[in-house]
Each structure stands twice: as C-alpha cells, then as structure tokens.
Amino acid sequence: MSESEKKPPPVVADTNAATAHDTETDAGESEVMNMLGYKAELKRNRSMFTLLFQGLAIAAGRVIADDDGVNRFRQLPMFLGWVVVLILDQCIAMSLGELISRYPTSAGPYYWSFQLAPPRFRRVLSFVTGWTWLIGNWTICLSVNFGFASLVAACVALYHPETILEPWQLLLMFYAVCAITFVVCAYGNRMLPVVDTVCAGFTAVAILITLVCLSVKAEAGRNSPADTLGYYDTSLSGWGNFSFFIGMLPSAYVFSSIGMVSAMAEEVRDPAVKVPRALAWCIPVGGIAGLFFIIPICATMPSLDYVLKAPVGQAVPHIFAAVMGSASGAMGLTALILMITFFCSISITVAASRCTWAFARDKAIPLSRIWSRVDERHGVPIWALALTTVVQMLLGIINLGSSSAFLAFVSVGVISLAVSYAIPIIISMWHRRREVDGARWTMGSKIGWPVNVISVLWIAFETILFSMPQLLPVNEVSMNYAVVVFAGFMVLSGVWYAVYAHKGKFSPSF
C-alpha cells in the first residue's frame, strides 16, 4: 500500500478495554499495538497513579532547577505567575490527553502528527515534530541533571562560602549524576513505579516540613501579606512592567515537560484512558502542592541584595540559610530538595529514554538498529538510555567554554517541547477535531475548541518569552542563545531528513 493510500488506524475504544484477566488484557494491548503499527516490546508494569506520580516527580524536581524568578522578579511573578501558568498549561495537558487517548503509543507527538496530517505532508511534518520532540527531551533532561549538580555545589557553598568551584568540577559532578541515574534507570526498572510512588509521598512530607520550618524560624524577618504575594521589582530586568511575563518563565519551565509522560504509554495497561487521566490530574495536584512550597518562601524571603549573591545560580539553599539562621538548618531543608531532585532525574531520564527508543524504532535516528533494542532481561531500551545519557554528557562540555551558551539549553528544552505539542494540536484543529472527538478520553467540541486555541496561543507566547534575553541591555553574558541553538538542531535534523528519511525509510506505523 502506498503512503498516500495509508489510512490512520481505527479508534481503539473496543479493542483495549480492560478484562478480568491480565493475560487477556495483554493480548488486547498487543492487538492495539499491532493496529497502531508496532510490536509490544515493553512490560506494562505501571498504573495511572504511578504515571501521575512520575509526572509529579518531574515537576517537583524542576521547581528549584531554574529559580531566576526568585533572583530578579520577587514575589508577584512567583505567586501570581505560578497560578496563571497552571491554568494555561492545564489546557495543554488536556489537549495532549485527547491525542494520546486516540493514539496510545510511546511515539507521542510525531506519531500523532503523522496520522493526522494530509498524506502529502505527513512524513515531513512527523519528522520535524519528532526531532523537535527528541531535542526537547534531551535538553530538558540535561537541564534537570545539571541543575542537580549545581544544587550539590550550592550545598558545598553553605559551609564554605569562600570556595569557588571551577566549571570542570561542576562538570564532574554532573557526570556523576548522569552515571548514577543511568544505573538506576537501566537496572531498577521493576522498582521504578514504586520509586515514583515513594517520591510522591516523600515530596508531600518534604513540603510540609519546609512550610513549618520556614514559618517558625523566619530569622530574616517576615514580609507583610501585601509583599508576600504582591511585591514586584521591575528595576533589575530592564523590561519595565513587561518583566512580569519574564518572571513567569520559571513557572512555565516547571510544567513544560508534562507531555513527556506520554512516552510511557506502552508500559501501562489501557493507556487510552489512564495516560490522559494522569496528564489531566498532574498539574492541579502539583500546582496546589507547589503553592505550599512557594508561599512560605515568599513570606520569609530575605532582602534582594542577599538573594542576588547566591552561589552557583541556586537561590533556594541561600534563602534557606538566611531564614533558618544557620548552615545546618539550610542543609537539612536542602537535603530534602536534593532527594526530590534525584527522583526527578530518574523519572525524567526514563521518559527521555523511551522517547529516544520510540524514535529509533521508526528509523529516524542514525544507527537506529542499536538504539531501538530492548534488553529482554531488564525490559529496558538500555541502548536508547545510554544514548540519552551520552548526549547529555557531551552537551555538558559546552559549560566549560560558555555558561551563557549552555544555559540556552534550558530555554531550548521548553521551546522544543512546546513546538512538538503545538504541531499535532494545530493539525487536529485544522481537521476540525474529528479524530480526537472520537477518542475514549475527550473533552468534546464545546470544551475542546477553546482549550485547544488557548493551548496554541500560550505555546506561541511562551516560545517568544523563552527566546528573549532576561536582562536589558543585552551583552554577551545576558544574550539568550536559545534561538541559535534551536535553529542549529533543526538544521542538523533537516540535513538528516534530506540524506536519509525522505527516501521513505522513516515511517511511523508500518
């Protein structure tokens, strides 16, 4: 059958319904995978709740990975920006939920684009979406693991403030994080659903402990209720009142990776329902929990001059030291953050490796035969996991030459993920939502249309925000190189498409 004659797979409403016995369920899931064009290779050992907990782990660890909002814009963007972003990102989560319900595969956005797009354009649109999706997974994973290393360095500075870590020392810490995470993800796959569950409970306890400790101690003083939720400093960024939107970037960063959970679709039973439910609940649950972490910090935050002196770009441990009145007290709270970030590193690395594996399975990555292998003993695409880890380690070397260029990868990760979300949503809207309206989990046209429109508009706006320099006037240090890095990745993927994929070797669903 030619590509132009290829039809999208039928709705999977009846074929993957839950049954009384696991063997019958597995047979049904295998049939669904065959209908989608794939062979079931991964073990379905996850549930809706473990997927929800994985999404929460990814979000929780990233709350402190990028705290520029604390450094420069203070309380109003931290609090109100958080609430606004929750509403907007919830629209994205629900839009993605419909798509994953219609096409429940780890291939995610690029598969959705392939099935929804007109036959003439489906391969190129799918390829662009896939590489954007892959780059977003790699660079977001990089930013989390490097943020973890930076947090460890900030802990050293609590006791030795005069110590200045060299870039190569920070790089070695980052390599250690990558190596440990790789081992856990490669050989502990059976326990990872339990790890995600433990992380959810641990995060709740850590938030409660942090709230009580900061509220009771408050050694740096307590801010007035008006300043706690409404203090806003426009003088440092150079953007004037527009700096509120720049101050929203850390909040947007936290939930930008919500769609990465879709890469786990082939490891859960009845993914057409359970994955969308996990996506839909992740932001409300994580957002409310996050307020119990943000508000105590806003209420007890020390002076701006003090916060701006935070070492290694990590303000949270520095704030803890002032509020708790001692390095030991700060270390106790930061230890909780370290554990949460470690859980985040594991969860986000697992998701990124599944994205890499799925894309390699469709022959879109050089040496795809290697990266698409699944280790039968551990049930893990271990070579895709290795590639994900090695790419991070190679990109980490950039920090030795230019920290500004390296920090652009944080923005690139958000931009790439956002663009990969937008493409299939726009294609679905172009076809009047007729595919997603027939999914098992759907918002329906009355709610779906406004939610989709808000999603696309917010993605367009946040892409612009993450491309802008955070400080004016612009110099070689404050310059945002995200657009340059993103364009470079796109050029490389375009070359690979011209050399290889356009010949028909790349084709989601065969």
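Student: R46 in this model: buried or exposed?
Tutor: Buried, at 5% relative accessibility. Keep in mind that the model is predicted.

Student: Which side chain does R46 meet in a salt bridge?
Tutor: D196. The N to O distance is 3.1 Å. D196 sits in helix α8, residues 192–217, while R46 is in the loop between α1 and α2. The two are 150 residues apart.

Student: And D196, buried or exposed?
Tutor: D196 is buried because its relative accessible area is 3%, and buried means under 20%.

Student: How many salt bridges does the structure hold?
Tutor: Nine.

Student: What does R361 pair with?
Tutor: E266. Their closest N and O atoms are 2.9 Å apart. R361 belongs to helix α15, residues 327–361, and E266 to the loop between α11 and α12, so this bridge ties together parts 95 residues apart in sequence. Both R361 and E266 are buried.

Student: Switching to D270. Which residue is its salt-bridge partner?
Tutor: R440, at 2.6 Å, N to O. D270 is in the loop between α11 and α12, R440 in the loop between α19 and α20, so parts 170 residues apart in sequence are tied together.

Student: How accessible are D270 and R440?
Tutor: D270 counts as buried at 10% relative accessibility. R440 is partly exposed, at 29%.

Key. Residues are numbered from 1 along each chain as its sequence is written. This is a predicted model: local features need pLDDT of at least 70, side-chain atom pairs count only at pLDDT 80 or more; totals for chains, interfaces and linings use all residues. Side-chain values use heavy atoms; hydrogens and water are left out. A salt bridge is a side-chain nitrogen of Lys or Arg within 4 Å of a carboxyl oxygen of Asp or Glu. Helices (H or I, at least four residues) and strands (E, at least two) are DSSP runs, numbered from the N terminus. Buried means under 20% relative accessible area, exposed over 50%, partly exposed in between (1.4 Å probe, protein chains only).
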